[in-house]
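Keep the viewer open as you read.

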Amino acid sequence: MPLSSIRSVHVVDNTRDYVHGVRVGTGEPASAVAGTFTSRNARIFVVIHHGQHGGVRTLLEGTDFDEILLACADPESVASQIPVTP
């Protein structure tokens, strides 16, 4: 994925609030979720580990995915390292 496809980066409190659609991937209930979620409006690549609620939501344009949603321990630090093309 080219960095020029990144449109915006957001720190979110609960990554699971942004997961919707039909999943192709793996998951353990109340534990980890990883894979592609597809709905009518979006295709989202998701990685969420048990116990990590906050994360980074990256909105994309011109790629196979509309979003990348990543749960992480320090979302502010991760988000600050992702370059956004104006």
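Predicted model: local features only at pLDDT ≥ 70, side-chain atom pairs only at ≥ 80, totals over all residues.

F45 is partly exposed, because its relative accessible area is 34%; here buried means under 20% relative accessible area, exposed over 50%, and partly exposed in between, with a 1.4 Å probe and protein chains only.

Residues are numbered from 1 along each chain as its sequence is written, and side-chain values use heavy atoms, with hydrogens and water left out.

The ring of F65 has another partner. The charged end of R43 sits over this ring, 4.7 Å from its centre; the criterion is that NZ of Lys or CZ of Arg is within 6 Å of the ring centre and within 35 degrees of the ring normal. R43, F45 and F65 are also among the residues that T36 touches, and V22, R23, V24 and I44 are on that list as well, not counting residues up to four places away in sequence. A contact here means heavy atoms within 4.5 Å. T36 is found in strand β3 and counts as buried, because its relative accessible area is 12%.

Now step back to the whole chain. Which elements does it have? The chain has 1 helix and 6 strands, where helices (H or I, at least four residues) and strands (E, at least two) are DSSP runs numbered from the N terminus. Their order from the N terminus on is β-β-β-β-β-β-α. The C-alpha atoms fill a box of roughly 40 × 30 × 15 Å along the principal axes. With 86 residues, a compact globule would have a radius of gyration near 12 Å, and the chain agrees, because it has 12 Å; the radius is taken over C-alpha atoms, and the globule rule is 2.2 Å times the number of residues to the power 0.38. Among contacts between residues at least 6 apart in sequence, 45% join residues at least 24 apart.

Buried residues make up 29% of the 86 residues. In soluble globular proteins, nonpolar side chains tend to be buried together. In this model the largest nonpolar core has 9 residues: V12, V33, F37, A42, I44, V46, I48, L69 and A71. Such a core is a set of buried Ala, Val, Leu, Ile, Met, Phe, Trp, Tyr and Cys residues joined through side-chain atoms within 4.5 Å. β3 (33-38), β4 (43-48) and β6 each give two or more residues to this core, and β4 gives the most, with 3 residues. F37 touches several residues, including A42, I44 and V46, and also H20 and G21.

What about charged pairs? The count comes to 2 salt bridges, each a side-chain nitrogen of Lys or Arg within 4 Å of a carboxyl oxygen of Asp or Glu. E61 forms a salt bridge with R7, the closest N and O atoms being 3.0 Å apart. E61 lies in the loop between β5 and β6 and R7 in strand β1 (residues 6-12), so this pair ties together parts that are 54 residues apart in sequence. E67 forms a salt bridge with R57, with closest N and O atoms 2.9 Å apart. This pair joins strand β6, where E67 lies, to strand β5, where R57 lies, 10 residues apart. Buried or partly exposed, which is E67? E67 counts as buried, because its relative accessibility is 6%, whereas R57 is partly exposed at 21%.

We finish in the loop between β5 (55-60) and β6 (67-71), where D66 is found. D66 is partly exposed, with a relative accessible area of 32%, and its contacts include N41, A42 and R43.
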